[in-house]
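Grab a pencil and work through these exercises with the structure open beside you. Try each task before you read its solution.

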Amino acid sequence: MTTPNMTPPNPYSQQPATAFWRSAVADTHILDIQNIWQPRFTIDKSTRISTFGSCFAQHFGRELRSRGFAWVNGEMAPNAASAALRKKFGYDLFSARTGNIYTTSLLRQWLRWALEDAPQPGEAWQMGGRVYDPFRPAIEPDGFESVAEMRKSRDVAVAALAHVVRRSEVFTFTLGLTECWRRAGGEVEYPICPGTTAGVFSAEKYAHVQQGFDEVWRNLRRAITLLRRARPGLKILLSVSPVPMTATATGAHVLVASTAAKSILRAVADAATKRFDFVDYFPGYELVSQPPSRGMFYSANMRSVNAVGVDFVMQTFLKSITPAPSVADEYIDTLPGPEPKHALPQAEEVEDLACEEEILAAFGPEGGRDV
Amino acid sequence: MKILVIGNSHTPALLRGFALLAPQCPDVSLTAYAHYHRFFGQFEPDEAAGRIRMKHPAIRRRFIKTHGGDGSFRPLDYDMCIIIGGYWLWAGLALGRFSEAFERAIIDEHIETMHPMVLLRKIRAVSDIPVLIVCNPFMASRAGMLADAQAEPNNGAALINAVLGPRYDARLVTQPPETLLYPRQTKLEYAIGENMWGTWKGCDFKPYLYDDMMHMNTTYGALLMRRILRDLGQDIGEVALPAAEGHLPYAQKTMPAL
């Protein structure tokens, strides 16, 4: 009879504790989880870092900014505007005023406008005498005065995006969705279904597209190529939004559609890190959405990430990018600290995000209200 | 013309300035309800009686001492009101760089959060008399230029007035240009010899006993009041304005006299 100690060496016997579910996960509280991410490149407070992507990226950008990181802001609002007003008009949410970029194809579209000077569609959505930007439908809460103003504003955002890419050392992108709406027979993509926030839906004019792994991966590769061509040496940090889909137009159950989408996005992120040594993946998605968290980082609607979840993700990020403590640091850690200045955020205190996709909930039964 | 003045510690400069000008405009009378700091939130409108009442007991007692009655006042008894207090510091907005809606929203937000608006809304709840808003003067300095003193207030006052007028029948009165050393710094000569208005009975204006660079003197008040009265159509001729009093030279002003 052989005992475990007598088992000949095999690949698993050489693995660290983090490689085993029981030691790394089952026997560890999620808040104590260790070594979940080893950054591929250095990020510290002096690293110029930009944030784009799905709604969850807004949390990331805001937290980096509030913690004193060199968050690149290519489109600054005037000082006279309050934080609430800036947010209402889409400032300080991402590194440029692009609005949410949910898909890799939409990222590629924005980057082509910004870095290749590709022509932008002339389309404008009108509602109530106001003009809405089809590619940033919520950026102006009450729309623009005119088409010319809308185009001018988007040109500023496009130029800001180009500036941000060239100035950043790390470009972070949060992948959010695989479903999207495009102009029928073309590649022009919208961040939200036409006719929901603004515009008029037409089945002849617009087509629903459900992107699979190949398409998402192809668009991400092309986006990465554009980024690196414009900014050689740029590091890219990917994450997947843990926020499930608000609605699907596939006919499938939204839980199934959302799981499929997140799985594809996660697989694409994995492929990117394997293919490029300058691309890294931060597992915020795993921290929030997987079994060890038991759903405690979600709000009552089981979709929005609560303040505790956001804080936990950021703490994990910060801990991971911080070098191991020196002897002096360890001694200082043993000293009694001051009383905490602020209480932990309450679960529902998280700041609302500007998320166009959430408008889709209004088209569900009972207006899609969270009850 | 009966003018109601409600203001903070900058009110004495205006009152003393008016005293200099009063002989030139005998038809104008001025009644002031003044206190220190940001106290406009302590007023409450009594819509049924058309009066503005003071909720804070100590301030109410002071108003009763100085004006009798129950310390409240009825704005409609006056032809106009001057609110003194708060800042209109304008961080600047280069128009045309942002969407019109955003620029309008910034100006709206700025107006609605100005401290004098706290009182203006209450006055509007009980009356429609015209209101002038006089914000605190920019600081002076003995040590050269203050930080940000060069920052142009931009076209802020004009933008604010474009909204204040139609929406509230009110107007922001900016600091007389001749009192400014830099766009946001007052000339030192106007910060010498300033006075406070005592809160105790029988107390008149008393000089500040420390080196106060925020409050301005009678000459400043006269220049500001002359500007206001001329805007109101009063024929204020040339008035000999006193040189800065300077009865507290630098050495005496730097420490509080206890």
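This is a predicted model: local features need pLDDT of at least 70, side-chain atom pairs count only at pLDDT 80 or more; totals for chains, interfaces and linings use all residues.

Residues are numbered from 1 along each chain as its sequence is written, while chains are lettered from A and ligands numbered from 1 in the order in which they are written.

**Exercise 1. Work out how α6(A) and α7(A) are oriented to each other.**

Step 1: Recall that two packed helices are described by the angle between their axes and the distance between the axes.

Step 2: Find the helices (DSSP runs of H or I, at least four residues, numbered from the N terminus). You want α6, residues 213-230, and α7, residues 254-275, both in chain A.

Step 3: Their axes come within 9 Å and cross at roughly 45 degrees. Axes here are lines fitted to C-alpha atoms over the stretch in contact, with angles running from 0 to 180 degrees between N-to-C directions.

Step 4: Angles under 35 degrees count as roughly parallel, over 145 as roughly antiparallel, 65 to 115 as roughly perpendicular and the rest as oblique. So α6(A) and α7(A) are oblique to each other.

Step 5: Look at who meets whom, counting a contact when C-beta atoms, placed from the backbone, lie within 7 Å. From α6(A) come F213(A), V216(A), W217(A) and L220(A), and among their partners in α7(A) are I264(A), L265(A) and V268(A).

**Exercise 2. Check the length of α3(B), then find which of its residues are buried.**

Step 1: The expected span is 1.5 Å times one less than the number of residues. For the 14 residues of α3(B), 100-113, that should give 20 Å, and the end C-alpha atoms are 20 Å apart, so the two agree.

Step 2: Buried means 20 or more other C-beta atoms within 10 Å of a residue's own; exposed means 12 or fewer, and partly exposed lies in between. In α3(B), the buried ones are F102(B), A105(B), I106(B), I107(B), H110(B) and I111(B).

Step 3: These buried residues pack against α4 and α5 of chain B, and also against α3 (83-88) of chain A.

**Exercise 3. Is R183(A) buried or exposed, or something in between?**

Step 1: Locate R183(A) in strand β5, residues 179-183 of chain A.

Step 2: R183(A) has 16 other C-beta atoms within 10 Å, so R183(A) is partly exposed.

Step 3: Leaving aside neighbours within four places in sequence, R183(A) is in contact with V188(A), K205(A) and Y206(A).

Note on methods: Helices (H or I, at least four residues) and strands (E, at least two) are DSSP runs, numbered from the N terminus. Two residues are in contact if their C-beta atoms, placed from the backbone, lie within 7 Å.
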